[in-house]
Amino acid sequence: MDLRTRRGGSRPLSLARRPRAAPRLRALSAAVAVAVAAGPALAQPAPPAKEAAAPVKEAATPAREGAAPATGAAVPAEEAPVSETDRQVARLHFEKGLTLLREEAWGPALAEFLLSRKLFPTRVATNNAAIALRKLQRYDEALEMFETFLRDFTMSAAERAAAQREIAELRALVGTLDITNAEPGASIVVSGEERGQYPPVKPIRVAAGPHVVRVFKEGYEPVETRVDVAGGQTVTVNAKLRRLTRSGRLRVVERAGKTVDVLVDNVVVGQTPWIGALSVGDHMVALRGAGKLGTQPTAAPVKPQELTTLSLLAEDLDASLRVDPTPPGASVWINSVNVGNGVWLGRLRAGTHRVEVKADGFVTGTRTVTLQKGQRQSLDMRLERDEDADIWRKPPKITLDVSASFLLAPTLGGEITDGCDAGCSISLGLGGLGMIHGGYELGSGIGVGIELGGLFAAQKLDGRSATLRPVGYRDPLDGTASDTLRLGGFLAGATFGYHFGEDLPALLRLGAGVLVGEVRDERTGRFRTTGGEWFNTFPVVDFASATYFYADPEARLGLRLGERWEVSGSLKLLLLIGLSKPKWDRTIELAAASDGIATYDAESLMGDFILMISPGANLRYQF
């Protein structure tokens, strides 16, 4: 045997070419093992073997289609003789599998290698079947096949090392299901494939990803659940079965009197003729016998306290189909018969079949497939989301949020700022805004509500031009004044907004209402008397009411904290439009040195339009 190796993973094994006149067992056993990092590329045929290879050990027959062989000790070929015809047929299927591998047709190639193994298990067919399973991402079955490869066959150190590397990698891609609380003898089906009865004799290993687990026992309501399994993780499935309280009976017979297995909802429940109690509703029934013998899926409606009888004729089914739906728990329909949820694998007649996949919230997918005699076809069906479906519509909710933010105002305006010319300074208006908002939000994210809040803002002007009017004098006194303005008030209004996003929710909202407040102005000044002398006025304070219409467009970007809480940052613009502007009270009198008593003019303290910028933080809760 010629052996060539390179670094990397396992590579398909190809049979050595033998003279046509002597296609013997030793030609089937002689193989080339090539390990390539890129995966299964085909090896070149090895030179003809000069001597007969060591006897190839038998492996147990696969327990399910596409699965790894059942565990157990290898049986020497001498103790379980294989006919020359089976060997030749096995060789033909193996070589066909090699051709398909060259075309990267992993599914059909796997079917050929499995059939070759079933007729005559060899090291090369086992290795290549394991590689095809890995390429098809059936990692749990690939792991079992590589383990069988190591356990049942003699190989070189290089081949063993390559297979051991594959097993180490695959174990990180395979998880385990721990079925608990089921009834003894209950059947376990995972993603459409039978995995024995409860309690399982060994851990149920599955490829990482989503799976549909179904546990069934006659006289009980079946348990079906969807699980997501991560690599190396063990997921516990509580399969507590409840006895049927509302049931009917189903009787299944084979029309020609054959004894075959009866499958109800993809679970073997017995052999024909069979009768048993089932839950009320529609069920799927099929017969399965040796080889290709069986029936296509048939609908069986079970009515309460009634007996439903199905008479089916078993026939040779020349084709098989595997349907992989997305989302994983979608229901699969073959020729208008519901064959279950999740992956479905079964035999069908050669010809045309209608396949439908349905799931709540998705557009139903329909395919018509034509199966040829002997064909094994895989069908991936990915459904498109139906955005108008009720399942995606969020329920309406009541919301409550509080916010705190800074206020930045370039100017509060008013006539007093008009006198701020050369030599005058004006500070940036600063303050704070606090709001409470309650609203009603539709599932679409559109919402309405009311808001209440309070604000304050302060601004200072130094050295603006001003006049002071002495009582009894015609001409005013010229000079400068300094004002410290403080605005405080309450806001009340209504809002309209749109809330969207999941992990990073956003909000666009517009509020409008009325601000009712008061402006405090503390003023001092320096003026020249009519006699030309300078004097300073003592501080005087005025309080003036202010009423403004406001609009506050706002944008938020947040982070969801659980199902109900949300924290966000926001930017709000606060636009004030004067309804009743505050003015200085001209009746306030103050001393004007030698000119006696004087008053300030009735100047407006705030403008008709005021714009404030308000960055802040918010906390939202939805009921």
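Figure 1. Two strands are said to pair if DSSP finds at least two bridges between them. Val 262 has Gly 270 in S14 as its bridge partner. Two residues lie between the strands of this hairpin, and Asp 265 in the turn has a positive phi of about 55°.

**Figure 2. The open sheet S6-S3-S10.** Three strands make up this open sheet of mixed pairing, in the order S6-S3-S10. Its edge strands, each pairing on one side only, are strand S6 (204-207) and strand S10 (234-238). On average, neighbouring strands of the sheet are turned by 35° against each other, direction ignored. S3 and S6 run antiparallel and are joined by four bridges, and Thr 176 stands opposite Arg 205 in S6. Helix H5 lies across S3 and S6 and runs at about 120° to S6, where axes are lines fitted to C-alpha atoms, for helices over the stretch in contact, and angles run from 0 to 180 degrees between N-to-C directions.

**Figure 3. Helix H6 and its buried side.** Helix H6 (residues 157-171) has 15 residues and reaches 21 Å from its first C-alpha to its last, close to the 21 Å expected at 1.5 Å a residue, the expected span being 1.5 Å times one less than the number of residues. Glu 159, Ala 162, Ala 163, Glu 166, Ile 167 and Leu 170 of H6 are buried. These residues are on the same side of H6 because they cover an arc of only 140° around the axis, an arc taken from the directions from the helix axis to the C-beta atoms. Buried means under 20% relative accessible area, exposed over 50% and partly exposed in between, with a 1.4 Å probe and protein chains only. The face of H6 turned away from the buried side carries the exposed residues Ala 157 and Ala 168. The cover over the buried residues includes helix H4 (123-135), helix H5 (139-152) and strand S3 (174-180).

**Figure 4. Helix H4, a mostly covered helix**. H4 has 13 residues and reaches 19 Å from its first C-alpha to its last, close to the 18 Å expected at 1.5 Å a residue. Eleven of the 13 residues of H4 are buried, among them Arg 123, Asn 127, Asn 128 and Leu 133. Gln 137, which follows H4, has a positive phi near 65°.

**Figure 5. The largest nonpolar core and another core apart from it**. A nonpolar core is a set of buried Ala, Val, Leu, Ile, Met, Phe, Trp, Tyr and Cys residues joined through side-chain atoms within 4.5 Å. Of the 36 residues in the largest core, Leu 455, Leu 468, Leu 574, Leu 576 and Met 612 touch the most other members. Strand S34 (residues 534-551) gives the most to this core, with six residues. Apart from this core lies another, of 31 residues, including Leu 110, Leu 114, Ala 132 and Leu 170.

**Notes on the views.** Residues are numbered from 1 along each chain as its sequence is written, and side-chain values use heavy atoms, with hydrogens and water left out. Because the model is predicted, local features need pLDDT of at least 70 and side-chain atom pairs count only at pLDDT 80 or more, whereas totals for chains, interfaces and linings use all residues.

Technical notes: Contact = heavy atoms within 4.5 Å.
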